[in-house]
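Me: I have a protein model open here and would like to talk through it. Could you help me with a few questions?

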Amino acid sequence: FPLSSKVTRIFVIDDHKIFREGIELQMSYVDDVEVIGSYGTIRDSLTALTDLKPDLIVLDVHLPDGQGFSFHESAVELYGDDAPKVIYLTGDYAIANIYSAMRLGAMAYLDKTSGLSQLLDAIRRAGQGVRTLAPDLLKKFSQPSTVSPDKIELSTRESEILNGLAM
């Protein structure tokens with residue numbers, strides 16, 4: 001995706017400081033992306049989220065004080081439809097987590113082996129409302145599922161709909 005004339009202000013939330021600093025350093029060479037916050041915990045991120053509202057959040061799934069999903073939910077509760085866009089950048093490739101991220105409205109789910117060009121592309125696509133899934137992760141969806149139907153967690157509303165269809 002081409003460079004945008006608007007600068008995308010981002011948070012980077014990951015428990016590995018060297019990883020965060022690497023993204024910050026790389027983004028400092030990019031004209032249309034600015035890292036305005038870098039955090040290692042959900043607590044620190046939530047505190048900053050109320051003060052600085054980024055356009056986009058690059059978020060890991062697993063953090064020392066909880067799941068990235070709970071932070072994502074908090075951002076949506078805080079800002080509603082105007083919540084920052086979220087890109088998950090993680091080493092967790094579980095289909096259930098990819099599904100959870102997308103259900104929460106994530107704009108992208110990338111693995112940590114992705115290069116800077118893939119991350120930048122996902123950031124730029126997110127700015128235009130286009131979702132991205134890393135090609136290696138997309139392959140997982142074409143493989144037969146190993147998830148047992150009794151292990152799938154449904155929301156109350158999803159259960160109601162399925163029960164209604166079964167009648």
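**Confidence, a cavity and a helix contact**

Me: Which element of the protein chain has the lowest confidence?
Reply: Strand E3 (residues 56–59) has the highest confidence, at a mean of 98. Where pLDDT is low, the predicted coordinates should not be read in detail. At a mean of 63, the lowest confidence belongs to helix H7 (residues 156–166).

Me: Which elements each supply at least two residues of the lining of the largest cavity?
Reply: Good one to check on screen. The largest cavity has a volume of about 30 Å³, and its lining includes Val12, Ile13, Phe19, Ile23, Val58 and Leu59. The elements that each give at least two lining residues are strand E1 (8–13), helix H1 (17–27) and E3.

Me: How many charged residues are in that lining?
Reply: Asp14 and Asp60 are among the lining residues, and Asp counts as charged. Seven of the lining residues are nonpolar and none is polar, while the number of charged ones is two.

Me: How are H1 and H5 oriented where they pack?
Reply: The axes of H1 and helix H5 (residues 116–127) are 12 Å apart, at an angle of about 75 degrees. Angles of 65 to 115 degrees count as roughly perpendicular, so H1 is, relative to H5, roughly perpendicular.

Me: Which residues of H5 make the contact with H1?
Reply: By class, this contact has six nonpolar residues, one polar and no charged. H1 brings Ile23, Gln26 and Met27. From H5 come Leu116, Leu119, Leu120 and Ile123.

Technical notes. Residues are numbered from 1 along each chain as its sequence is written. This is a predicted model: local features need pLDDT of at least 70, side-chain atom pairs count only at pLDDT 80 or more; totals for chains, interfaces and linings use all residues. Side-chain values use heavy atoms; hydrogens and water are left out. pLDDT is the predictor's confidence in each residue, from 0 to 100. Helices (H or I, at least four residues) and strands (E, at least two) are DSSP runs, numbered from the N terminus. On a 1 Å grid over the protein atoms alone, a cavity is a set of points where a 1.4 Å probe fits but cannot get out, and a pocket is an open set with protein on both sides within 12 Å along at least five of seven lines; lining residues have an atom within 4 Å of a point. Grid points are joined across faces, edges and corners, and a volume is the space filled by probe spheres set on the points. Axes are lines fitted to C-alpha atoms, for helices over the stretch in contact, and angles run from 0 to 180 degrees between N-to-C directions. Angles under 35 degrees count as roughly parallel, over 145 as roughly antiparallel, 65 to 115 as roughly perpendicular and the rest as oblique. Contact means heavy atoms within 4.5 Å.
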